[in-house]
Amino acid sequence: MSNHLLGIVGWSGSGKTTLLEYLIAALCGSGLKVNVVKHSHHDIILEPSHKDSARFRRAGANEVLLASPFRYAITSELREQNEPGLLELLPRLAPSDLILIEGYKWEAIAKIEIHRPGLGKPALYPDDPHIVAVASDIPRPEGLRADLVWLDLNLPEQILAWIQSSLAKNLFLHDPKVEMEVRR
């Protein structure tokens, strides 16, 4: 697992996935190992219901590992359990240089908000001190807190450069032990 975590948050349709695709390709292309966590509010279907792994889950298996020469996936059935938190899931990932996290708006991790006022949705950054940067298609508004970085969403290379610089300065370090203490 990496202790470098960066959340990418914003409303649906803001461009999170497009930006993430660009960032992942560029960061991996520069030699970094990048893991991604994607939170979904919907059910996750990895295989059609008639395939073996789905049938095994329905039969009662707690976890099913599906392996091929190209990739593997582990599905865990929660059944009556609560959804595990982000910090519970992160140790399941292989070591990496950076974990990009899409969703989990509520987590106390460093985040970039993708903000497009044209969507008609409110900005998240005024109420979330963990948003360290905003990538937007409008110029920086007046009166923002001084430490909030404002990036041009139409210049993804600018966002990439800021992430690379921040990684070099260890600005995305996250200590899960400290987070667990805060939650108690």
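Confidence in this predicted model is lowest in helix 5 (residues 176-183), with a mean of 45, and highest in strand 8 (residues 149-152), at 98. The score is pLDDT, the predictor's confidence in each residue, from 0 to 100. Helices here are DSSP runs of H or I with at least four residues, and strands are runs of E with at least two, numbered from the N terminus. For the protein, the mean pLDDT is 88, and 90% of residues reach 70 or more. Over residues 178-184, pLDDT stays under 50, and the model has five contacts for them beyond four places in sequence; contact means heavy atoms within 4.5 Å. Where pLDDT is low, the predicted coordinates should not be read in detail.

Two remarks on conventions. Residues are numbered from 1 along each chain as its sequence is written, and side-chain values use heavy atoms, with hydrogens and water left out. As this is a predicted model, local features need pLDDT of at least 70 and side-chain atom pairs count only at pLDDT 80 or more, while totals for chains, interfaces and linings use all residues.

I turn to a pair of helices. The axes of helix 1 (residues 16-29) and helix 4 (residues 156-168) come within 10 Å and cross at roughly 55°. These axes are lines fitted to C-alpha atoms over the stretch in contact, and angles run from 0 to 180 degrees between N-to-C directions. Helix 1 and helix 4 are therefore oblique to each other; angles under 35 degrees count as roughly parallel, over 145 as roughly antiparallel, 65 to 115 as roughly perpendicular and the rest as oblique.

Which residues of helix 1 meet helix 4? They are Leu19, Tyr22, Leu23, Ala26 and Leu27, and they meet Pro156, Glu157, Ile159, Leu160, Ile163 and Gln164 in helix 4.

Helix 4 also holds Ser166. Ser166 counts as buried because its relative accessibility is 2%; buried means under 20% relative accessible area, exposed over 50% and partly exposed in between, with a 1.4 Å probe and protein chains only. Leaving aside neighbours within four places in sequence, Ser166 is in contact with Leu171 and Phe172.

Glu63, in strand 3 (residues 63-67), is partly exposed, with a relative accessible area of 37%. Not counting residues up to four places away in sequence, Glu63 touches Ile74, Thr75, Ser76 and Arg92.

Finally, Asn82 lies in the loop between strand 4 (72-76) and helix 3 (86-89). Asn82 counts as exposed, at 71% relative accessibility.
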